[in-house]
Amino acid sequence: MSKKSDVAIILLPKEQWEGAVIPMRYTTEEYFDVRIEKGTQGYQIDLQRSRFDKPVSHYPEEYDFPDKLYQPHWENACAWGVVEEKDGGKELLACIETCPEQWSNRLMVTELWVSEKLRRQGVGHRLMAIAKEQAAREQRRAIILETQSCNVGAISFYQQEGFEVIGFDSCCYSNRDLERKEVRIDMGYFLEKEIYAGLKFEKAAKEDKMEILALYRSLAGTEFCAWTEDYPGEQDVDGDLARDGLFCLKDAKGTVIGTISIDQDEQVENLPCWSRELMPAAELSRLGVRTDYQNQGIARMLLKCGMEELKRQGKKSVHFLVCKTNRKAIRSYEKLNFNVVGECEVFGEEWWCYEKEL
């Protein structure tokens, strides 16, 4: 039975620990065999747990670039660890290093290591808890990290911590990674439940009008946003409210943090690109998320809730116009499997016409 360790985990300041080598080493008897098969209909990928003929060891000396804390390419990294006084100096016994990936609003675990002296004592779990607390505090949508297909012990640990496989790279370390059975495995831990706690999607009321208008105004002129000081305006809000087509997302305090509308615009509905077999359909429009809640999956939540509302209304598909300059929105709709079925020029802008069957 493993025992719990009460060793102190402390912050490792960059000015003291930059460049500290992490002596990563492990021996394994198993690996996940990554198999990629190309067929007539696409690719089939399997990760099968297998055994080596004899134990395989990996150690820092086999790599030209051993793991180190605070490497230059992790500009905003922060590290914590267990330190022991030894021979008048300090010896690192365990550590975790994190670095925000700002553009995707994810937190990367760039290093996680526990010396053999402290393994199976709960130290790894305590270190990972620090990363989870940081991610929740910063409202990150996920934690991501890299491990290797032959590091079965690490993969098992991450699975116990709630991580799942999100991808792999078959030539990260060499051109023979598949043959060597050392394939980069990417794993992720999702915090959407924590982020969405207390949020409520509901039909907007007249009392929400001024708050929604203020949200519209705050987004006008921001990056990728085609809105102006005049659009969407009071007339748009009044029209949406009058036909029960305006919805909002509120936080636990009842503050509007996002909004979306079911639009009725003949010019858009009469575009020839929409699929006739997917009628009746409706357009979702005027999706906006408060700036301090962006990059947290809120827009995706609004879209999903909006589509669920359309399904309740008996619609077979949803339409959405996306400004061609809004690269951020384009990525979101592609992830939700919207299809580009055409393009148009209306309201003085060029748009992609997106459609999705409900």
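Two strands are taken to pair if DSSP finds at least two bridges between them. That criterion is applied here to a predicted model.

The chain contains 10 helices and 16 strands. Its C-alpha trace spans about 75 × 50 × 40 Å along the principal axes. Of the 358 residues, 46% count as buried. The accessible surface comes to about 20000 Å². Carbon and sulfur atoms contribute 47% of that surface. Among contacts between residues at least 6 apart in sequence, 65% join residues at least 24 apart. The chain carries 49 positive and 63 negative charges.

Strand E12 covers residues 256-263. Eight of its eight residues are buried, so E12 is largely enclosed by the rest of the structure. Buried here means under 20% relative accessible area.

E12 pairs with strand E11, which spans residues 246-250. The pairing is antiparallel and runs over five bridges. Within it, Cys-248 stands opposite Thr-259 of E12. The two strands, E11 and E12, form a hairpin, with five residues between them. Gly-254 lies in the turn and has a positive phi of about 85°.

E12 also pairs with strand E13, residues 281-289. This pairing is likewise antiparallel, over five bridges. Here Ser-261 has Ser-285 of E13 as its bridge partner.

Key: Residues are numbered from 1 along each chain as its sequence is written. This is a predicted model: local features need pLDDT of at least 70, side-chain atom pairs count only at pLDDT 80 or more; totals for chains, interfaces and linings use all residues. Side-chain values use heavy atoms; hydrogens and water are left out. Helices (H or I, at least four residues) and strands (E, at least two) are DSSP runs, numbered from the N terminus. Buried means under 20% relative accessible area, exposed over 50%, partly exposed in between (1.4 Å probe, protein chains only). Contact means heavy atoms within 4.5 Å. Accessible areas come from the Shrake-Rupley method with a 1.4 Å probe; for residues, only the protein chains shown count as cover. Lys and Arg count as positive and Asp and Glu as negative; His and the chain ends are not counted. The place of a charge is taken as NZ of Lys, CZ of Arg, CG of Asp or CD of Glu.
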